[in-house]
Amino acid sequence: MSSYLQTLHTLAQAVEPVANQRIAACIVFKGKLVSFGVNQHKSHPFQKRFACNEHKIYLHAETAAVLNAMKHLDADQLRHSTLYVARVKRPFSGSTDWVSGLAKPCAGCKHCLDAFGIKRIIYSQDWV
């Protein structure tokens with residue numbers, strides 16, 4: 001697992017779950033970590049632009065990372081950045097351990113990444 005995914009794995013364990021999801025994302029530009037994002041219970045107009053469902057406009061980790069990166073990067077830099085996404089889950093009911101889960105961006109987040117030209121996306125896979 002890459003060091004960025006490992007960092008996100010640790011961060012995701014610490015966030016409050018949203019619909020049983022613990023997801024963290026980051027934007028990396030030229031090897032430098034620029035921003036983080038986590039799933040939130042808070043709606044946001046930025047997420048509304050990319051939501052698959054008009055009733056589910058809570059910030060996703062991916063869009064939060066993009067939104068935060070826009071404070072530090074211009075459009076061209078953002079286009080040449082990499083998004084890392086990690087999801088953690090319990091391997092079985094009653095477990096206190098955390099394992100990686102599939103963190104492939106949803107259609108709304110993919111739409112956001114396409115809109116900003118972010119083509120390189122690395123996400124965690126399901127633990128086997």
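Let me start with K89, which counts as partly exposed at 24% relative accessibility. The model we are looking at is a predicted one. In this model, K89 forms a salt bridge with D126, and the closest N and O atoms are 2.7 Å apart. K89 belongs to strand β3, whereas D126 lies in the segment after β5, so this pair ties together parts that are 37 residues apart in sequence. D126, for its part, is partly exposed, with a relative accessible area of 38%.

How many salt bridges does a search of the whole structure find? The search finds three.

A second bridge joins D76 to R79, with 3.1 Å between the closest N and O atoms. Both of these residues lie in helix α4, three residues apart, which is about one turn of the helix. D76 is partly exposed at 40% relative accessibility, and R79 is likewise described as partly exposed, with a value of 38%.

The remaining pair that I wish to show is K110 with D114, whose closest N and O atoms are 2.9 Å apart. These two residues are four residues apart in helix α5, and are therefore separated by about one helical turn. K110 is partly exposed at 35% relative accessibility, and D114 is partly exposed as well, at 49%.

Just after the helix, G117 takes a positive phi of about 75°.

S81 is found in the loop between α4, residues 75-79, and β3. Is S81 buried or exposed? S81 is buried, with a relative accessible area of 2%. Its side chain reaches the backbone oxygen of Q77 at a distance of 2.8 Å. Not counting residues up to four places away in sequence, S81 touches I27, V28, F29, L73, I118 and R120.

T82 has its place in strand β3. This residue is also classed as buried, with a relative accessible area of 10%. The side chain of T82 makes a polar contact with the side chain of R120, at 3.4 Å. Leaving aside neighbours within four places in sequence, T82 is in contact with C26, I27, V28, R120 and I122.

For a contrasting position, please look at T10 in helix α1, residues 3-14. T10 is partly exposed, with a relative accessible area of 47%. What separates T10 and A24 in sequence and in space? They are 14 residues apart in sequence and 9.0 Å apart in space, taken from C-alpha to C-alpha.

Finally, let us consider the chain as a whole. The protein chain has five helices and five strands. From the N terminus on, the elements run α-β-β-α-α-α-β-β-α-β. The radius of gyration is 14 Å, close to the 14 Å that the globule rule gives for 128 residues, so the chain is as compact as a globular protein of that length. Along the principal axes, the C-alpha atoms fill a box of roughly 45 × 35 × 20 Å.

Of the 128 residues in the chain, 45% count as buried. Among contacts with a separation of 6 or more, residues 24 or more positions apart account for 59%. The accessible surface of the chain comes to about 7,200 Å², and carbon and sulfur atoms hold 52% of it.

To close, I return to the opening pair: D126 and K89 form a salt bridge that ties together parts 37 residues apart in sequence.

Definitions and conventions. Residues are numbered from 1 along each chain as its sequence is written. This is a predicted model: local features need pLDDT of at least 70, side-chain atom pairs count only at pLDDT 80 or more; totals for chains, interfaces and linings use all residues. Side-chain values use heavy atoms; hydrogens and water are left out. Buried means under 20% relative accessible area, exposed over 50%, partly exposed in between (1.4 Å probe, protein chains only). A polar contact is a pair of N or O atoms within 3.5 Å; within protein, one must be able to donate a hydrogen and the other to accept it, and residues adjacent in sequence count only if both atoms are side-chain atoms. Contact means heavy atoms within 4.5 Å. The radius of gyration is taken over C-alpha atoms; the globule rule is 2.2 Å times the number of residues to the power 0.38. Accessible areas come from the Shrake-Rupley method with a 1.4 Å probe; for residues, only the protein chains shown count as cover. A salt bridge is a side-chain nitrogen of Lys or Arg within 4 Å of a carboxyl oxygen of Asp or Glu.
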